[in-house]
Amino acid sequence: MEGATTREPSGAPPARLGSSRTKAFKRLDPLDVERELGGHDVPIPLGPADRGVFRTGRLPNGLRYFIRKNEYPAKRCSLALAVNTGSVYESEKERGVAHILEHLAFRGTENFDKYAIVNFLEEIGADFGADQNAYTSFDETVYELFVPCNCDGPSGKDRPALDKALLVLSEFAFRIKATKEDLDLERGTVLEEWRQSRTSQSRVVEAHWKAIMKGSKYENRLPIGIEEVIKGASASTVQEFKDKWYTPDRMGVILVGDFSETMDEMEKKIFDTFGEGKPGSASQRVPSFETRQHERPQFLCQTDEEATQSSVHVSFVKPWKQLGTTWDLNEFREMVVGDMFETALNARLFRRSHSKESIQPFFTASYSNDRVCRNADCVTLTANCKLGGTLVAAESLLVELARIRAHGFTKQEVEAARKELLLDAETAYVERTKRKSDDLRDEYVGAFLMGEAVTDPITEARISQLLLGNITGDDLLAVANEYKKDKGMVIQTVEPPHAQSLKETDGIRSVVEKVVAMEAAGDIARHPDDEQRMSPEDLLKDADLDYDLEFKHDIRVYSELDAKDAILSNGMRVCWKRSRLRDDQVLIQAFAKGGLSQSIKGIEGEPSPTEMKRLRTAKVGALFASDIGAFGIKPPLLSEALAGLRCGVGSNVRSYSRQLEGEQSSGDFVTALKLIHLLFRTEVEAIDSELTTVKQMVREAIQHQLRDPMTRFARRVKFINYGKSFYFRPWTLEEFDQVDAKEATRFWNEQFVHPGQFTLVIVGDIDEIEGAKTDEGFLCLLEKYVGSIQVKDPEKNQPLDAYKDIIPIPFTQPTAIVEEVITSKMVDPISVTQVTFPLSIKTQPVECAQEELFWLHFACQLLEMKLMREMRFSRGEIYSVGVSPSFSVESSAAIPSGKARGDVAISFSCEPGCGARLTRLVLDVIKSLRTDPVSQQEIDSLLEMDKRAYELALDENTFWIDVIEMAYQSRKYRQTKSLDTAYLFRKNMKEDVVAKITPETMAKAFRDIFSAGEKQVYTAVTLEPERPSLISACLSSLYCSLPAKSPPTTQQLFLMGAFATAAVGVSVAYLSLSRKS
């Protein structure tokens, strides 16, 4: 409920000034298809054509390779091994084995045992974690590595990191081990990932998938697998799957990056590393898994106990078959036409969600077009609607498709969609020298698996220009004609249990027939909203501005940051840093003290109903303003004005701050300044009739959250850790109904009214902004559009004092250990735990506080590494664990007191019944870190990961804009008024801490952080499913009584089996008695 943004689906396109780089895009030579490509139906050759930049080929064993030189990010390489096999290749007894095999690859291979691969990745500073290094899909399994290519192996005597990364991929290709020991340990991790996937949304998706894939093997081959196979698959079953499908002729190796080797040298490394193995037998080389388009529509009415909203999904599935090794221009055009249709229809659906109609059919709606597997495309229209409103929403979606078939898109809709896609092509062209290696790697993975066209960026830009320039409204009309009831239609409605849910599909069938009859009778008219038009020139007229270009600015220069700042005539401070890190990118970020907490001023102790209403009213102000139009323009019209522009400004009101931020091209920067001006100038006025839909949406969200298990859990955690603070008290429907909309928007208006309270930071390609090559010219632009914001109250037009003016959120920290289990009814059982350690740091002097924060940062990183090793790698009981420090609830007003309060939260999910035991394990790990220093190797890995992340961050504008904001917000700046001093203080302090980190000093840091007298205070809150089955309860009780120090022994497993047998007998007897009664 805290944001307003301008970047939405688009409408009619305005003209743009553009930077010199965007103008170069428009001046590209037209593509001569016959001469340069050989025709529209000739496969587009993989590129670039320069063999010094790109190589591709096939090894004698059948493995394909793709090598691409790319300099961004510097001294990094992105690698992938793509295997043409996924879950659809599994037999019934193997459902989930492809995914298990992917997991086992990181546990051990013939030459890398006991997670040595993970150790290697950590030692060279590469990331490893959930979803970061591999994925298994229906048709493929892909392993990914992102490594430095400018360093030796971890020991210094080992082979270079890039060579070792290639060796790791070859191990994945040919030498994954599937031993019983490794498999038994990894089952727990895979099961936990499976449990995490069993959400309300995943159940909806699974039902939808089975409907669109009905009759094909894909129908029952979700990559995550099924519980029975995950628990019971043998090592031999996994090994047989690997031997059958992991053959070199089904593999592709992709390497993209800033490597120092020549292309010949790199090509030889590929041959030497991946040259072994033989192609698979002809009988298993090219299996075919057909999909089909159903002639009769399918309808599903789904009620889910944990659904948080009513929704409807209208889909059309169409088989797809790759014709050649790569796409030709016709296939490329088909994709672009689909993208234009998607862009135009989403803009239309956005308008409908803000329609002036008294009863809107849905809250939000969207359209997507995806290749859901290798052999099928699926388009889906999704609408979220009021409780029990799925039939009305479904009818509205079907009518919109019929309206397009009857009348097409308007000329301005077509042109708006064209401009949006041309903007994407232009951005890709302008940023071609800064394409990230992992993005290019993914494109070549797509080329290997799906035949996607990859060429040089200039040719790609010219293809986009050619195709987008020739697409007409008739082309989009032809797309709509593919979406009829006999074209693979699937309609799914989803309702929470307390809604007036559909029980039968007859209602959906009647809606379909009704719309078909309306279309046949010509009863579907054009919609008046589709004729709206607005351009950027309509946002703000120069004649409406009152600015002083003669104002003299005192420009301060900060050489260390290569930045400057000045005060505008209305008191707003601006800071700018000219950067060429990203061509044609300009970032803006403005901030001011004060926020939602100001609404609780004067509240002492338990708030009265009136005071609580004031807080609630403030919290919905941003939501109401965004829906009405925070910039003084209705959201659909604003999206119309911004069509084809790379320009977005979002605003937020948080607990202690107000912010606005955005990213724009240099050519669209002035439009962003206009939006900032409008944000401050606009007084949003609440009109109840215009807020009916958003109010209903919020009411239903509150109603749904009251019974959502995860929401209940999160609220309980806050309740316990922040002393029952009223600030975090859950909403009730009665409270929301009492909110005064006019007061809510009035509070919002007060947040962005005094420009002198704000600091505006601008980082990026400022030199390409028209008129901004000099600082004087740039300041003239800022004065014209931002300095002209009127000062309404000079006394309030200055920054709030962080110590004196900010209202703190009242809260207390736990003073004793709290361990609590809350239970909730769940459709698919899972246990979730958060262990929280309250802490406080000294705030005086500032040097002490900053040093403590850095030690805390590294301690939390190390703790997360250790917990992952122990809980996942050694025991296989979790999928992931997170460790995060936070001081977000404490206000800056606490700094003069000498201490600031925060906490460290450790969160994980696991098998039901095991949360308490794993909590003990967490405590044991922390205890060991306090008393037993870690190895030097672990310290080296910790520092290497931090170093590599820092190196990458330095090349991003986002890093520098955050650095500048942190410097302004720091106490060192408050003391010295120097950005350079504040920046260097933090930078040097971190370097000092890094230099001091050793196994012994980290142990001391853990003693300082996780120590409060003789007994450490913590809270442990665990969410468990309500009333587990008797067998589950018995097994969990026994298993969780085992010592936390080690996995169960063979004897203990034998006793568990005997106990389970007894439990089965008791359960059968109990169920028999139940049936008899």
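With which residue does Asp442 form a salt bridge? In this predicted model, the partner is Arg441, and the closest N and O atoms of the two residues are 3.3 Å apart. The two partners can be described further by their accessibility. Asp442 has a relative accessibility of 37% and therefore counts as partly exposed, whereas Arg441, with a relative accessible area of 6%, is buried.

Another of them joins the side chains of Lys26 and Glu426, with an N to O distance of 3.1 Å. Lys26 counts as exposed because its relative accessibility is 54%, where the cut-off for exposed is over 50%. Glu426, by contrast, has a relative accessibility of 4% and so counts as buried.

A further salt bridge is formed by the side chains of Lys514 and Glu395, at 3.0 Å from N to O. Here Lys514 is part of helix H17 (residues 506–521) and Glu395 is part of helix H12 (residues 390–407); the pair therefore ties together parts that are 119 residues apart in sequence. Lys514 counts as partly exposed, because its relative accessibility is 42%.

Salt bridges also occur here as a network. Seven residues need to be named: Arg348, Arg351, Arg352, Glu400, Arg403, Glu413 and Asp530 are linked in this way.

Notes: Residues are numbered from 1 along each chain as its sequence is written. This is a predicted model: local features need pLDDT of at least 70, side-chain atom pairs count only at pLDDT 80 or more; totals for chains, interfaces and linings use all residues. Side-chain values use heavy atoms; hydrogens and water are left out. A salt bridge is a side-chain nitrogen of Lys or Arg within 4 Å of a carboxyl oxygen of Asp or Glu. Buried means under 20% relative accessible area, exposed over 50%, partly exposed in between (1.4 Å probe, protein chains only). Helices (H or I, at least four residues) and strands (E, at least two) are DSSP runs, numbered from the N terminus.
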